[in-house]
Amino acid sequence: MMMTNYMDLLAANSPWNLIFFMVIPVAAAEAMVAAEFYMLYRKDDSTQTWQKISKALGIFSGIYFAAVVVYLIAAVIPSLHWRGIIDEIAIFFYLLGIFPLGAITLLELGAIGRSLSERERMRKHFQFLIGFLIVSHIAMIFGMANPTLSGWRPSPADMPMNMNHTDMGHMDRAYSGRWQSSGASDEDWYCPPSGASLNRCPGWEQDTPRNHHHHNMSRER
């Protein structure tokens with residue numbers, strides 16, 4: 001199955017790309033959601049603690065994701081070979097996450113929404129969080145889809161995880177050499193189905209001639 005550039009990016013340099021580009025921003029957003037729920041549920045002294053946690057996460061997530069987006073736009077996206085509309089949607093919606101997360105950071109820093117009441121500010125906070133989770137999940141859905149579903153067809157250079165043909169040739173010649181060293185022709189030996197017996201292929205001690213029984217019967221006749 002072909003993968004989108006979105007999935008290729010997360011899979012490369014494992015596990016660091018997955019951590020930097022997916023785990024950290026999504027975990028920060030989900031932690032903010034948990035903090036917001038605790039603030040609504042617990043109306044006691046601990047509310048201030050959760051407010052501080054939510055504020056710190058809000059400032060961190062926007063700044064961090066802004067750095068990620070700048071890096072991707074400057075260093076990664078210009079070199080991408082697009083794999084159809086599914087691939088483009090995945091990358092576009094991933095980058096789109098900077099707007100809700102950036103808005104949360106600006107809200108927490110007081111750059112926007114200064115005139116809002118605490119309740120209205122919390123409502124905006126929730127809306128931006130929901131917006132980020134929506135666009136990030138859209139990016140995940142399209143990113144995990146097969147890009148050929150949109151009609152895109154890969155060129156040989158786009159085929160992932162292709163086994164080198166030279167290596168295949170070496171493997172074939174090595175296996176053929178072991179086969180011939182056993183003194184049998186291609187028609188004289190066979191490998192039983194998997195699980196039938198151990199070490200029953202050419203070159204092993206317990207090789208089984210496919211035509212041995214047939215030849216013996218011919219001689220008896």
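Q: What is the lining of the largest pocket made of, by class?
A: Classes first: Ala, Val, Leu, Ile, Met, Phe, Trp, Tyr, Cys and Pro count as nonpolar, Asp, Glu, Lys and Arg as charged, and the others, Gly among them, as polar. Here the lining has 13 nonpolar, two polar and two charged residues. Keep in mind that this is a predicted model, where local features need pLDDT of at least 70 and side-chain atom pairs count only at pLDDT 80 or more, while totals for chains, interfaces and linings use all residues. Residues are numbered from 1 along each chain as its sequence is written, and side-chain values use heavy atoms, with hydrogens and water left out.

Q: Which residues lie nearest the centre of the largest pocket, and how much space lies in the pocket?
A: A pocket is an open set of points on a 1 Å grid over the protein atoms alone, where a 1.4 Å probe fits, with protein on both sides within 12 Å along at least five of seven lines; lining residues have an atom within 4 Å of a point. Points are joined across faces, edges and corners, and the volume is the space filled by probe spheres set on them. This one holds about 260 Å³. Of its 17 lining residues, Asn5, Asp8, Leu9, Val76 and Leu80 lie nearest the centre.

Q: Which helices supply that lining?
A: Helices (H or I, at least four residues) and strands (E, at least two) are DSSP runs, numbered from the N terminus. Helix H1 (5–11), helix H2 (16–41), H3 and H4 each give at least two residues to the lining, with the largest share, five residues, coming from H1. Overall, the protein chain has eight helices and zero strands.

Q: How should I read an aromatic pair?
A: A pair of aromatic rings is described by the distance of the centres and the angle of the planes. Rings of Phe, Tyr and Trp (its six-membered ring) pair if their centres lie within 6.5 Å; planes under 30 degrees apart count as stacked, over 60 as edge-to-face and the rest as tilted. The structure holds nine such pairs. Take Phe65 and Tyr94: their centres are 5.3 Å apart with 55 degrees between the planes, a tilted pair. Phe65 sits in helix H3 (residues 46–76) and Tyr94 in helix H4 (residues 85–96), so the pair ties together parts that are 29 residues apart in sequence. Together with Tyr6 and Phe132, these two form one aromatic cluster.

Q: Are Phe65 and Tyr94 buried or exposed?
A: Buried means under 20% relative accessible area, exposed over 50%, and partly exposed in between (1.4 Å probe, protein chains only). Both Phe65 and Tyr94 are buried. Across the 221 residues of the protein chain, 33% count as buried.

Q: How many residues of H5 are buried?
A: Nine of the 12, so H5 is largely enclosed by the rest of the structure. Among them are Ile98, Pro100, Leu101 and Glu108. Gly102 of H5 is buried too, at a relative accessible area of 18%. For contrast, look at Pro154, in the loop between helix H6 (118–143) and helix H7 (165–181): this proline is partly exposed, at 28%.

Q: What span should H5 have?
A: The expected span is 1.5 Å times one less than the number of residues. For the 12 residues of H5 (residues 98–109) that gives 16 Å, and the end C-alpha atoms are 16 Å apart, which agrees. Just after H5, Gly110 takes a positive phi of about 80 degrees.
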